[in-house]
Amino acid sequence: MKDTRRLYTDLAWVWPMWGDAAVEYARYCRHVTGLIRRHAKRPVRTLLDIGCGGGKNVLNLKREFNVTGVDLSSAMLAQAKALNPECAFIRGDMRTFKLGSAFDAVLMDDAISHMSCLADFAAAFRTAHAHLHRGGVLVATPDVTTETFRQNRTTVTPAAPGSAPAGVEVVFIENTYDPDPADEQYETTVVYLIRDGGRLRIETDRWTMGIFSPDTWRRVLREAGFEVHEGRYVAGGDAYTVFTCVRTR
Ligand SMILES: C[S@@+](CC[C@H](N)C(=O)[O-])C[C@H]1O[C@@H](n2cnc3c(N)ncnc32)[C@H](O)[C@@H]1O
């Protein structure tokens, strides 16, 4: 099925401008590394980044681990490879891919929020489990859970300093909205203000995302074969729930 998310297809070129890889991503990756080192029941040398996108997490995690990335989007994988030429990147759908190999750690960052129904959500964790050695650690950080979601949260983010090509300016406006809090989905709408040589283009993107309660997270992760630990990561005034999961069986 065709991917209609423009950030991962025709507008993927703006992704390197959204967030500073050397600052925000570096801080988050230090947090992830600490969780992995604290919870692992085996030496951790290899890490699989599922939904690696443009490879900003890979850029930071490769200092600590031998990193492989998987993503659905060829455009995002091309960026990840350009940023991290020494790492392996593979195209795959987190609900179904089978690499035939296992890793000491797995990261599922914001990409897990694209699992917009319970069946897909559970399938993604079975994939993570199948690619992890026993005693290895999965770190999963959803954009939101039902506890952290904020109706009509709207952010305005200019391109990270020095990230835009000459003559180009980009501003990202992101809004989250849940039309029916009783179901498993919410909407993310992104408006891109792109000025190229002073001429304004306004582009839009609309994604259906998944939202689950912490209880559902715990149950699905345990059913997949993980021991579950929960924590918080605070960034830019937002608190994210982080699930650190040890493969026990
Ligand atoms: C916001 S980006 C992740 C960015 C990444 N954290 C980074 O370091 O650059 C979300 C990614 O999830 C990927 N994605 C969405 N659905 C997916 C699926 N079913 N399987 C694999 N990747 C998926 C998209 O292609 C996109 O690259």
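In this predicted model, 19 residues surround the ligand. The closest are G53, K56, S73, M94 and A111. Sorted by class, this shell holds 6 nonpolar, 7 polar and 6 charged residues.

**Overall build**
- The protein contains 5 helices and 11 strands.
- Its radius of gyration is 18 Å, close to the 18 Å that the globule rule gives for 249 residues, so the protein is as compact as a globular protein of that length.
- Along the principal axes, the C-alpha trace spans about 55 × 45 × 35 Å.
- Of the 249 residues, 38% count as buried.
- Take the contacts between residues at least 6 apart in sequence: 64% of them join residues at least 24 apart.

**Two domains**
- Domain 1 is made of two stretches, 6-145 and 212-247.
- Domain 2 covers 153-209.
- The C-alpha centres of domain 1 and domain 2 lie 22 Å apart.
- Where the domains meet, 16 residues of domain 1 are in contact with 15 residues of domain 2.
- On the domain 1 side of this meeting place there are 9 nonpolar, 4 polar and 3 charged residues.

**The nonpolar core**
- The largest nonpolar core has 61 residues.
- Which residues have the most contacts inside this core? They are I50, A105, V106, M108 and L138.
- Leaving out residues up to four places away in sequence, A105 touches I36, A40, V44, L47, F65, G136 and V137.

**A residue to look at: N152**
- N152 sits in the loop between strand 5 (132-140) and strand 6 (153-158).
- Most residues other than glycine have a negative phi.
- In N152, phi is near 65°, a positive value in a residue that is not glycine.
- Is N152 buried or exposed? N152 has 8 other C-beta atoms within 10 Å. A residue counts as exposed with 12 or fewer, so N152 is exposed.

Methods:
Residues are numbered from 1 along each chain as its sequence is written. This is a predicted model: local features need pLDDT of at least 70, side-chain atom pairs count only at pLDDT 80 or more; totals for chains, interfaces and linings use all residues. Domain bounds come from an automatic or database domain assignment. Two residues are in contact if their C-beta atoms, placed from the backbone, lie within 7 Å. Ala, Val, Leu, Ile, Met, Phe, Trp, Tyr, Cys and Pro count as nonpolar, Asp, Glu, Lys and Arg as charged, and the others, Gly among them, as polar. A nonpolar core is a set of buried Ala, Val, Leu, Ile, Met, Phe, Trp, Tyr and Cys residues joined through C-beta atoms within 7 Å. A residue is buried if 20 or more other C-beta atoms lie within 10 Å of its own, exposed if 12 or fewer, and partly exposed in between; C-beta atoms are placed from the backbone. A residue is near a molecule or strand if its C-beta atom, placed from the backbone, lies within 6 Å of it. Helices (H or I, at least four residues) and strands (E, at least two) are DSSP runs, numbered from the N terminus. The radius of gyration is taken over C-alpha atoms; the globule rule is 2.2 Å times the number of residues to the power 0.38.
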